[in-house]
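I open my notebook for a new structure. I will look things up one at a time and write down what I find.

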Amino acid sequence: MAKTPTSWRKRKRSSIYGTSVWKKLRAAKLGRDPVCQICERRNRAVIATTVDHITPLSKGGAPYPPLDQLFSLCTRCHQLKTARDHPRHSTDTKAAFAGSDIHGNPLDPFHEWNA
Ligand SMILES: [Zn+2]
């Protein structure tokens, strides 16, 4: 990629997902990490269909970050993450991410990364 336009900084978060830059980034991410990175922590291999930001744009995350700052998610995990961003649904997502994985780490990846 050559120059990164600066005008996106003033746009609303939903607008970046329609850009060619995002589509390329999304394709690159799914190419590198084709398995859902949350299900992977639970020792399950689920094909990822969605790419999301680890640091939400609303919290200062870059719209087009490096691939390691993006999440490959399956449809279900993406829905859970979206629900988590809206506190009224937090009961469901807390239950979904409760507990620990086989290494004893918390299953909830957003807990540490969004802190
Ligand atoms: Zn998943």
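Among contacts in the chain between residues at least 6 apart in sequence, what percentage join residues at least 24 apart? I looked it up, and the figure is 53%.

I keep in mind that this is a predicted model. The chain's mean pLDDT is 79. I find that 62% of the residues reach 70 or more.

Next, the layout. I count five helices and two strands. Starting at the N terminus, I read the order as α-α-β-β-α-α-α.

Now the strands. S1 covers residues 50-53 and pairs with S2 through four bridges, in the antiparallel sense. I see Thr50 opposite Leu73 of S2.

Which way do the residues of S2 point? Leu70 and Ser72 point one way, while Phe71 and Leu73 point the other. All of them are buried. I recall that side chains in a regular strand alternate between the two faces of the sheet.

Then burial. Of the 115 residues in the chain, 13% are buried. The largest nonpolar core has nine residues: Cys36, Ile38, Ala48, Val51, Leu70, Phe71, Leu73, Cys74 and Cys77. S2 gives the most to this core, with three residues.

Last, I checked Phe71. Leaving out residues up to four places away in sequence, I find that Phe71 touches Gln37, Val51, Asp52 and Ile54. Val51 is also listed with Phe71 in the core.

Terms used:
Residues numbered from 1 in each chain as written. Predicted model: local features only at pLDDT ≥ 70, side-chain atom pairs only at ≥ 80, totals over all residues. Buried ≥ 20, exposed ≤ 12 C-beta atoms within 10 Å, placed from the backbone. Pairing = 2+ DSSP bridges. Contact = placed C-beta atoms within 7 Å. pLDDT = per-residue confidence, 0-100. Core = buried A, V, L, I, M, F, W, Y, C linked by C-beta atoms within 7 Å.
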